[in-house]
Amino acid sequence: MTNVRVVVGAALLHEGRLLAARRTAPPELAGRWELPGGKLEPGESAEQALVRELREELGVEAEPLERVAGEWPLRPPYVLHVWTARLRAGEARPLQDHDELRWLAPDEVGDVDWLDQDRPAVALAADLLRRAEA
Ligand SMILES: Nc1nc2c([nH]c(=O)n2[C@H]2C[C@H](O)[C@@H](COP(=O)(O)OP(=O)(O)OP(=O)(O)O)O2)c(=O)[nH]1
């Protein structure tokens, strides 16, 4: 399919924790937790979109690391791709699209109400964190 559009989500990792962000809109998604990110703009790579979105939404500089294997369908024509990323500079704040942030240790990843579509990628990111700790 050629008209699929990618939403990139960042599994932002810092000091052994994963960042979760609580959405403020649209009403059907508000209050649920997600990986910060957004839609690719025309001509943009996933890595470029990730860096731009994290700058806009959280006020941080992030470095994309690697794609988490998989692709998760959202409302057509969107699909979710997830990349791990590390925090290069700044302190994450909910500047846009979110009203709360939480840095979750691997054992806390199940403590927030993730968007359904995010759960498999979040589980994979938590596994990566656990392995990095071991
Ligand atoms: N950013 C993000 N969006 C997600 C995730 N999971 C999920 O289902 N979505 C959905 C919610 C939205 O319908 C869509 C992404 O839209 P968005 O509002 O974050 O994108 P954007 O920042 O580019 O916003 P806009 O240009 O539409 O204003 O994907 C996720 O983990 N991160």
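This is a predicted model: local features need pLDDT of at least 70, side-chain atom pairs count only at pLDDT 80 or more; totals for chains, interfaces and linings use all residues.
In the UniProt record, an unreviewed entry, the feature "domain: Nudix hydrolase" is placed at residues 3-129.

Helix H1 covers residues 46-58. With 13 residues at 1.5 Å a residue, H1 should span 18 Å, and the distance of 17 Å between its end C-alpha atoms therefore agrees with expectation. The buried residues of H1 are Ala49, Leu50, Val51, Glu53, Leu54, Glu57 and Leu58. An α-helix has 3.6 residues a turn, so residues three or four places apart point the same way. The buried residues of H1 are covered by elements that include strands S1 (5-14), S4 (37-39), S5 (61-73), S6 (78-89) and S7 (98-104). After H1 comes Gly59, which has a positive phi, near 70°.

Some of the strands that cover H1, among them S1, S4 and S6, also contribute to the shell around the ligand, each with at least two residues. The largest contribution to this shell is that of S4, which gives 3 residues. There are 16 residues around the ligand, and those that come nearest are Gly9, Glu34, Leu35, Gly38 and Lys39. Divided by class, the shell consists of 7 nonpolar, 4 polar and 5 charged residues.

Definitions and conventions
Residues are numbered from 1 along each chain as its sequence is written. Helices (H or I, at least four residues) and strands (E, at least two) are DSSP runs, numbered from the N terminus. The expected span of a helix is 1.5 Å times one less than its number of residues. A residue is buried if 20 or more other C-beta atoms lie within 10 Å of its own, exposed if 12 or fewer, and partly exposed in between; C-beta atoms are placed from the backbone. Two residues are in contact if their C-beta atoms, placed from the backbone, lie within 7 Å. A residue is near a molecule or strand if its C-beta atom, placed from the backbone, lies within 6 Å of it. Ala, Val, Leu, Ile, Met, Phe, Trp, Tyr, Cys and Pro count as nonpolar, Asp, Glu, Lys and Arg as charged, and the others, Gly among them, as polar. UniProt positions are given in the numbering used here, feature names are shortened, and annotations may be inferred rather than shown by experiment.
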